[in-house]
Amino acid sequence: MTVHVIGLTGGIASGKTTVARLLANRGAPVIDADVLARQVVEPGQPALAELVARFGAAILAPDGRLDRKRLGAIAFADPAARADLGRITHPRIAAASAAAIATWADAGANVVFYEAALLVENRAYSHLAGLIVVATPPEVQYARLVERDRLSPDDARARIAAQAPLADKLAAATWVIENTGDLAALEGEVARVAGAIEAAFGPIRVPRLPRAESAAGASARAGRIGRPATLVTGFPAGTAKRMIQQLLAAEPEPRLYVLVREALAADAASFLAELPDATQAELLVGDICDMDLGLSSAEYRGLSRELTWIHHLAGVYFMGTDEATAQRVNVVGTRTVIELARDAGRLERVVHWSTALVSGDRKGTFTEEDLEVGQKFHNAYERTKYDAERLVRAAMRQLPITVIRPGIIVGDSRTGEIDRLDGPYYLMVLIATNASGVRLPLLGRSNAPLHLVPIDYVVEAAWHVARHEASAGKTFHLVDPAPMSARAVFEAVAEHAHTEKPRGHIPRQLARAVLRTPGLSRLGRGPLAFVDMLDHTVHYDQTNTAAALAGTAVRCPPIADYLPVLVRYVVDLTRAAPPKPPEDVSDPLDEG
Ligand code: ATP
């Protein structure tokens with residue numbers, strides 16, 4: 001089977017990388033020549049030794065890596081040095097490119113995109129099956145360059161002027177992608193050109209790379225160099241905090257990056273300062289909802305070069321969340337993280353935190369493989385987590401991703417500690433603090449199992465499960481294998497809190513009305529969203545989890561054992577400070 005290699009080029013900051021990402025999002029194989037160029041001069045590679053022999057150890061940074069700026073200064077001042085630099089690196093980049101193309105071809109690709117800055121200048125495009133040129137007028141290039149790289153106006157102009165003019169590139173183009181508008185316009189352009197390419201070469205196949213081959217550079221053959229580095233998104237959610245603690249305690253070696261929004265940077269800094277081994281952790285101020293995670297270009301590139309693991313916990317977990325926020329954080333945020341994963345040349349694993357509630361209103365058994373089963377959703381939270389998981393599943397064909405689906409997370413089974421009182425806690429608080437002596441009505445029939453799972457089990461199990469070599473490409477339900485019914489849970493809450501047991505049941509419609517009545521209505525959308533879920537009998541199969549945890553002592557504790565601890569915690573907490581009105585709770589503060 002012939003593989004058609006299509007070049008992708010354009011001027012500096014024209015949008016090549018952005019187009020490459022959009023192509024990769026469609027499942028197309030993309031090779032980034034820049035990634036390969038960096039990999040061939042990593043420490044331990046023969047090219048670096050040759051460069052040191054030719055230019056001296058002064059081209060090395062203190063950590064033994066190539067100081068590209070210093071080498072650039074030497075090479076660009078002296079044509080002979082430039083020729084030697086090319087002689088040493090170009091054949092190796094060519095070999096790595098050929099190897100990457102062969103990897104994709106072996107995996108069944110019919111079309112491979114090859115992104116490189118100078119395909120026209122060095123006439124390399126003439127060997128390719130076609131050339132895409134990203135066309136951006138110099139004034140737009142200039143604005144993006146200043147914005148992205150914080151260049152001075154003079155520097156930005158000099159860099160644009162140093163390249164062949166756009167007209168030369170256009171003359172060599174088979175297809176032109178105009179990038180003068182916004183990202184949506186660019187997506188349209190990419191779709192149009194992808195269509196033209198498919199008309200020429202047939203549908204672009206979405207090959208699946210063997211594990212450990214990176215999609216960004218298809219260059220894992222260049223070897224794993226340097227120590228592992230892990231990114232955690234989702235601070236300040238309780239799960240993210242605990243995963244940070246787990247990683248620092250269990251894996252003291254890796255570098256840990258914690259992505260945090262600016263408004264929470266101080267909180268995150270004091271959280272980290274209190275942890276042992278926190279010197280391994282570094283804050284990155286950004287936002288998963290922004291392009292490149294809101295990081296500077298240098299930070300983003302540095303991160304994508306270094307990163308080996310991503311624990312993506314960021315998301316809106318609040319069930320009563322509004323549609324737009326849930327969409328932005330859960331879906332757009334996940335897409336950004338997938339893009340980072342594609343750009344990460346050394347990526348070993350992405351752990352995506354989903355939820356068992358992607359089952360929506362599905363009844364009966366829901367397996368770890370199930371996702372698109374024609375279910376409907378009770379709220380924006382469920383729907384957007386489902387949409388995010390669909391993106392993740394598509395990306396799983398090329399990236400090593402593990403999906404974690406916990407049930408409804410409640411407090412620590414040993415201490416009761418929880419960072420927010422939402423979901424089942426609305427009712428737990430109502431029942432546990434009901435001093436009125438009135439028997440509160442249970443909402444709906446409440447005979448269905450309530451899939452509660454304690455946070456300590458979830459984080460520990462997720463960590464163990466994800467570590468397995470074989471868990472890439474798999475999904476894991478982290479749920480209680482023997483859940484109690486909602487009714488039994490809330491009756492037990494009353495028992496442990498020594499308050500009146502909830503009485504009878506009232507139909508769901510009426511329950512909704514009750515929650516809208518004055519006094520209770522202040523609880524807002526969260527409880528309503530929760531009540532809607534109480535009547536679905538679904539069983540979450542957890543075959544993958546059971547197999548992955550088989551050799552460990554990690555097990556979900558029986559709820560009867562820890563429910564008293566949860567109730568005690570809630571009672572103590574609400575006694576110390578009455579629950580806040582949920583307008584505060586509904587602040588989408590659980591975004592990362
Ligand atoms: P380089 O030549 O430096 O490798 P490049 O050609 O790969 O750059 P990108 O990094 O994709 O260019 O884009 C340059 C900057 O412009 C980036 O910050 C990117 O986010 C932004 N950008 C690209 N296209 C658009 C667009 N259509 N709308 C808004 N921003 C864009």
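Residues are numbered from 1 along each chain as its sequence is written, and side-chain values use heavy atoms, with hydrogens and water left out. Because the model is predicted, local features need pLDDT of at least 70 and side-chain atom pairs count only at pLDDT 80 or more, while totals for chains, interfaces and linings use all residues.

## Ligand shell

The ligand is surrounded by 16 residues, of which the closest are K16, T17, T18, R148 and N179; a residue belongs to this shell if one of its heavy atoms lies within 4 Å of the ligand. By class, the shell holds 4 nonpolar, 7 polar and 5 charged residues. In this classification Ala, Val, Leu, Ile, Met, Phe, Trp, Tyr, Cys and Pro are nonpolar, Asp, Glu, Lys and Arg are charged, and the others, Gly among them, are polar.

| Residue | Protein atom | Ligand atom | Distance |
|---|---|---|---|
| T17 | side-chain N or O | oxygen | 2.4 Å |
| G181 | polar backbone atom | nitrogen | 3.1 Å |
| D182 | backbone N or O | nitrogen | 3.4 Å |

The protein covers 82% of the 640 Å² of accessible area that the ligand has on its own. Accessible areas come from the Shrake-Rupley method with a 1.4 Å probe, and for residues only the protein chains shown count as cover.

The elements that give two or more residues to the shell are α1 (16–25) and α6 (138–149). Helices (H or I, at least four residues) and strands (E, at least two) are DSSP runs numbered from the N terminus. With 3 residues, α1 gives the most to the shell.

Helix α1 is mostly covered, with 8 of its 10 residues buried. Here buried means under 20% relative accessible area, exposed means over 50%, and partly exposed lies in between (1.4 Å probe, protein chains only). The buried residues of α1 are K16, T18, V19, A20, R21, L22, L23 and A24. K16 and T18 are also among the residues closest to the ligand.

The loop between β1 (4–10) and α1 contains A13. Phi of A13 is near 55°, a positive value in a residue other than glycine, and A13 is buried at a relative accessible area of 11%. Just after α1, G27 takes a positive phi of about 95°.

E187 is placed in helix α9 (residues 183–201) and is partly exposed, with a relative accessible area of 47%.

## Further backbone features

L293 lies in the loop between β8 (281–285) and α12 (297–306), and its relative accessible area of 0% makes it buried. A cis peptide bond, with omega of about 15°, joins F235 and P236. P236 is located in the loop between β6 (229–233) and α10 (238–250).

## Aromatic pairs and a charge over a ring

Rings of Phe, Tyr and Trp (its six-membered ring) pair if their centres lie within 6.5 Å; planes under 30 degrees apart count as stacked, over 60 as edge-to-face and the rest as tilted. By this rule the model has 3 aromatic pairs. In one of them, the ring centres of F366 and Y540 are 6.2 Å apart and the planes stand at 90°, so the pair is edge-to-face. Because F366 lies in strand β11 (residues 364–366) and Y540 in strand β18 (residues 538–540), this pair ties together parts that are 174 residues apart in sequence. Both F366 and Y540 are buried.

Another pair joins F377 and Y386, whose ring centres are 4.8 Å apart with planes at 45°, so this pair is tilted. Y386 counts as buried at 10% relative accessibility.

R255 lies over the face of Y257, at 5.8 Å from the ring centre. A charge sits over a ring if NZ of Lys or CZ of Arg is within 6 Å of the ring centre and within 35 degrees of the ring normal.

Terms used: A polar contact is a pair of N or O atoms within 3.5 Å; within protein, one must be able to donate a hydrogen and the other to accept it, and residues adjacent in sequence count only if both atoms are side-chain atoms.
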